[in-house]
Amino acid sequence: MSPIAKKILGIYLLVLMLGVTLSTLIYLNGTSVSKATSSLVEGDLPQLAAISMLRVTILKQKPILYEYYANTDRVSFLRKFELTQREVDAGLRTINSSPEGVILLKQIEGKNDKINLLATQLDKTLRSRSINWDRARDLLVQVSDMEQRITPDIDALVELNRQHVHSSGVLAQSKTGL
C-alpha cells in the first residue's frame with residue numbers, strides 16, 4: 001500500500017472512530033435525559049397531583065362540618081363526610097414517598113384522625129336533645145386549628161417532592177455535561 005493510501009485509510013479510520021464516539025456520547029446523554037424525564041412524568045408529577053388532591057380533600061372536611069353545624073342535617077353530613085374520609089384514606093395510600101415523606105404522611109394521618117374524632121364529637125353534640133351550641137362551636141374551632149396544623153405537613157411533603165425533582169434534574173444535567 002502506498003503512503004498516500006495509508007494516510008487516507010488512517011484519516012478514514014480516525015473520522016470513523018470520532019463518529020462512533022460522538023454517537024455513543026449522544027446515546028448515553030439521550031438515555032440520561034430520557035430517564036430523568038420518565039422519572040418526572042411517571043413519578044414526580046403524579047405524586048405532586050396526589051399531594052395536591054390530598055390537600056384539597058382534607059380542606060373539604062371543615063366546610064362539611066360547618067354546614068352540619070348550620071343545618072343539623074345528619075344524613076347529608078354522614079354521606080359527605082364518609083365520602084371525604086374515603087378520599088383522604090385513598091390519598092394517603094397512593095402517595096409513595098421517601099422515609100421522611102412516610103413520617104410526614106403518618107403525621108398527616110394522625111391529625112386527620114383527630115379531625116375525625118372531633119367530627120364524631122360534633123355529631124354527638126348536635127344529636128343530643130338539648131344541643132350545647134357553645135361546645136359545638138368549640139369543636140369547630142378545634143377542627144380549624146387541626147387543619148392549620150396539617151397544612152405545614154402537606155407543604156413539607158410538597159417540598160420533599162420538589163427536592164427530588166431538583167436532584168433528578170441536577171443528576172441528569174451532570175450526566176449530560178461533556
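Residues are numbered from 1 along each chain as its sequence is written, and side-chain values use heavy atoms, with hydrogens and water left out. Since this is a predicted model, local features need pLDDT of at least 70 and side-chain atom pairs count only at pLDDT 80 or more, while totals for chains, interfaces and linings use all residues.

Q: What makes a stretch of the chain a helix, and how many helices are there?
A: A helix is a DSSP run of H or I with at least four residues, a strand is a run of E with at least two, and both are numbered from the N terminus. On that basis the chain has four helices and zero strands. Read from the N terminus, the order is α-α-α-α.

Q: Why is the chain called more spread out than a compact globule?
A: The globule rule is 2.2 Å times the number of residues to the power 0.38, and the radius of gyration is taken over C-alpha atoms. For 178 residues the rule gives 16 Å, but the chain comes out at 29 Å, well over that, so it is more spread out than a compact globule. Along the principal axes, the C-alpha trace spans about 110 × 25 × 20 Å.

Q: Why is T125 called buried?
A: Buried means under 20% relative accessible area, exposed means over 50%, and partly exposed is in between (1.4 Å probe, protein chains only). T125 has 11%, so it counts as buried. You'll find T125 in helix 3, residues 99-127. For the whole chain, 28% of the 178 residues are buried.

Q: How do you know that T125 is in contact with I131?
A: Contact means heavy atoms within 4.5 Å. Leaving aside neighbours within four places in sequence, T125 has I131, N132, R135, A136 and L139 as contacts. There's also the backbone oxygen of Q121, which lies 2.8 Å from a polar atom of the T125 side chain.

Q: Is E147 buried or exposed?
A: E147 has a relative accessible area of 12%, so it goes down as buried.

Q: Why does E82 count as partly exposed?
A: E82 has 45% relative accessibility, so it falls in the partly exposed class. Its place is in helix 2, residues 74-94. L13, in helix 1 (residues 3-71), is at 42%, so L13 is partly exposed too.

Q: What makes I64 buried?
A: I64 has 10% relative accessibility, so it counts as buried. I64 lies in helix 1. Leaving aside neighbours within four places in sequence, its contacts are F77, K80, F81 and T84. From I64 to A50, 14 residues apart in sequence, it's 21 Å C-alpha to C-alpha.

Methods. A polar contact is a pair of N or O atoms within 3.5 Å; within protein, one must be able to donate a hydrogen and the other to accept it, and residues adjacent in sequence count only if both atoms are side-chain atoms.
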